[in-house]
Amino acid sequence: MVSLCGMDLVGASFLKEKTRNRWCCFDHRRRQHQCTQTETNIGQETTRGNFSDMASCCCKISPIIPIFVFFLLVSSSICPVYSSETGNLHANNQTFQSEEELQKLKIIREHLKKINKPAVKTIQSPNGDIIDCVLLLHQPAFDHPQLNGQKTLDPPERPSGHNPNEMAAENFQLWSMSGESCPEGTIPIRRTTEPDMLRAGSVRRFGRKPRRRVRRDSTSNGHEHAVGYVSGEQYYGAKASINMWAPRVSNQNEFSLSQMWIISGSFGDDLNTIEAGWQISPELYGDNYPRFFTYWTSDAYQATGCYNLLCSGFVQTNNRIAIGAAISPTSSYNGGQFDISLLVWKDPKHGNWWLEIGSGILVGYWPSFLFTHLRDHASMVQFGGEIVNSRSGGFHTSTEMGSGHFAGEGFGKASYFRNLQVVDWDNNLIPLANLRLLADHPNCYDIRGGINRVWGNYFYYGGPGRNVRCP
């Protein structure tokens with residue numbers, strides 16, 4: 001409290017009244033009445049004793065002594081009042097903040113109860129994730145009014161031309177490598193924690209992408225892309241094999257992803273998308289592991305949709321794949337290369353959009369009623385990478401896309417998409433026609449494509465972000 005008193009006395013002046021040898025302190029800000037009272041008290045004290053001569057003598061010899069005495073008196077009288085007021089204010093602020101924090105925690109815990117369903121079995125993943133085995137009909141999707149009381153649908157007819165002889169997908173996630181699995185009739189769900197939600201900007205926006213205008217020719221929203229896309233036809237699905245890496249993400253507010261987009265509507269408020277791939281998002285997951293993810297929206301990321309199973313939407317049917325769980329293994333520079341096949345297509349019978357991964361493993365479906373334009377078909381299909389550039393410190397981010405290396409380095413060094421296909425109106429998988437390539441910041445992340453007999457339509461993409469050509 002000494003420093004507070006010293007601050008309170010700044011601007012005070014000491015005046016000596018020659019006729020009485022008395023000292024008075026005037027604080028120009030707030031304490032004149034206290035100083036006046038102090039002067040009176042000093043005067044009274046000096047007249048009560050028989051030491052007036054000694055006092056006069058002391059004053060003549062050293063005027064510092066009465067100043068010092070006065071300072072002690074003022075300090076003892078002023079400081080307690082000041083510290084009491086400050087302490088009360090600090091306590092009130094603490095109480096207010098505590099109440100605010102408690103209310104926030106209460107809202108978070110209520111939301112966690114809503115999305116973390118009761119578990120039949122719990123599995124601890126090596127990377128720290130907790131995987132809950134939840135009864136199939138208790139998953140978040142069935143909180144939706146149009147699904148409440150319904151059952152999951154039977155597997156749909158797969159597109160003709162589909163060859164499911166791909167890498168087995170059951171063991172591409174860390175949690176399943178322990179040999180533990182979820183029982184039949186349940187699905188594995190990554191448990192959401194309080195720290196997960198506290199990292200989000202708000203409880204309402206948790207699990208959602210930031211609101212933004214989604215235009216592939218826009219560079220003003222901090223999102224940067226290197227993508228291949230087709231448009232101008234009616235599309236009923238898409239398939240690709242995606243190379244898996246673990247790119248560096250520079251800070252918590254950024255992400256790096258590689259995915260497929262199934263798109264319909266204009267690039268305005270009515271945009272519908274279905275998305276699947278892998279991503280690194282420290283804000284969403286609290287670490288830098290690459291993770292398998294899904295997403296959907298029917299209004300350009302405004303009020304509908306979410307990642308994974310964080311809202312009522314995607315219906316999971318598989319007990320071996322945990323959406324949002326960490327992926328392993330990943331590719332290494334000049335080393336082993338790993339990719340995984342993803343297929344999204346519209347069931348001709350019921351109109352729902354199904355997701356398959358790896359060697360014919362159905363993950364689940366997006367009910368058609370979630371969408372407006374996608375109830376019918378897609379008008380664009382897009383493949384590739386996306387990052388967020390927050391320009392921390394005024395420079396372009398060093399967050400990597402893909403492998404973190406440019407497309408020109410080729411196989412084993414640059415990340416790729418291969419065997420790109422779309423599903424036509426008659427549920428046939430067909431090669432792409434007129435694939436267009438776009439990199440909106442080619443000095444930071446670029447893309448190069450081609451066609452061959454083994455990989456069909458393919459491209460390499462990505463980059464390191466900040467470099468001499470990308471300041």
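Okay, let's start at one spot: setting aside residues up to four places away in sequence, Gly277 touches Ile242, Ser258, Gln259, Arg291, Phe292, Phe293 and Leu342. By touching I mean contact, that is, heavy atoms within 4.5 Å.

Before I go on, a word on where this comes from. This is a predicted model, where local features need pLDDT of at least 70 and side-chain atom pairs count only at pLDDT 80 or more, while totals for chains, interfaces and linings use all residues. Numbering runs from 1 along each chain as its sequence is written, and side-chain values use heavy atoms, with hydrogens and water left out.

Now the overall picture. The chain has six helices and 21 strands; these are DSSP runs numbered from the N terminus, helices being H or I with at least four residues and strands being E with at least two. Of its 471 residues, 50% count as buried, where buried means under 20% relative accessible area, exposed is over 50%, and partly exposed is in between, using a 1.4 Å probe and protein chains only. And if you take the contacts with a separation of 6 or more, 72% of them come from residues 24 or more positions apart.

Back to Gly277. You'll find Gly277 in strand 9, and Gly277 counts as buried because its relative accessibility is 4%. Gly277 and Ile340 are 63 residues apart in sequence, yet 9.3 Å apart in space, C-alpha to C-alpha.

Those two residues share something else: a cavity. What residues line the second largest cavity? The list is Phe172, Ile242, Met244, Gly277, Trp278, Phe292, Ile327, Ile340, Leu342 and Ile357. Strand 9 (272-280) and strand 13 (339-346) are the elements that give two or more residues to that lining. By class it has nine nonpolar, one polar and no charged residues. For the classes, Ala, Val, Leu, Ile, Met, Phe, Trp, Tyr, Cys and Pro are nonpolar, Asp, Glu, Lys and Arg are charged, and the others, Gly among them, are polar. The space inside the second largest cavity is about 50 Å³.

What do we mean by a cavity? On a 1 Å grid over the protein atoms alone, a cavity is a set of points where a 1.4 Å probe fits but cannot get out, and lining residues have an atom within 4 Å of a point. Grid points are joined across faces, edges and corners, and the volume is the space filled by probe spheres set on the points.

How many cavities of 30 Å³ or more turn up in the whole structure? Three.

Three strands make an open sheet in the order 3-4-5, with antiparallel pairing; strands pair if DSSP finds at least two bridges between them. Strand 3 (121-124) and strand 5 are at the edges with a single partner strand each, so one side of each has no neighbour in the sheet. Strand 4 (residues 130-135) pairs with strand 5 over five bridges, and Asp132 sits opposite Ile189 in strand 5.

Next, strand 14 (residues 353-357). Is this strand mostly covered or mostly exposed? Covered: five of its five residues are buried. On one side those are Trp353, Leu355 and Ile357, and on the other Trp354 and Glu356. Strand 14 runs antiparallel to strand 13, joined by five bridges, with Trp345 partnered by Trp354. Those two strands form a hairpin with six residues between them, and Gly351 in the turn has a positive phi of about 85 degrees.

On the other pairing, strand 14 meets strand 15 (residues 361-366), again antiparallel over five bridges, and Ile357 has Ile361 as its bridge partner. That hairpin has three residues between the strands, and Gly358 takes a positive phi near 60 degrees.

One last stop: Asn457, in strand 21 (residues 456-462). Asn457 counts as buried because its relative accessibility is 8%. Leu420 is 37 residues away from Asn457 in sequence but 5.3 Å away in space, C-alpha to C-alpha.

Note on methods
On a 1 Å grid over the protein atoms alone, a cavity is a set of points where a 1.4 Å probe fits but cannot get out, and a pocket is an open set with protein on both sides within 12 Å along at least five of seven lines; lining residues have an atom within 4 Å of a point.
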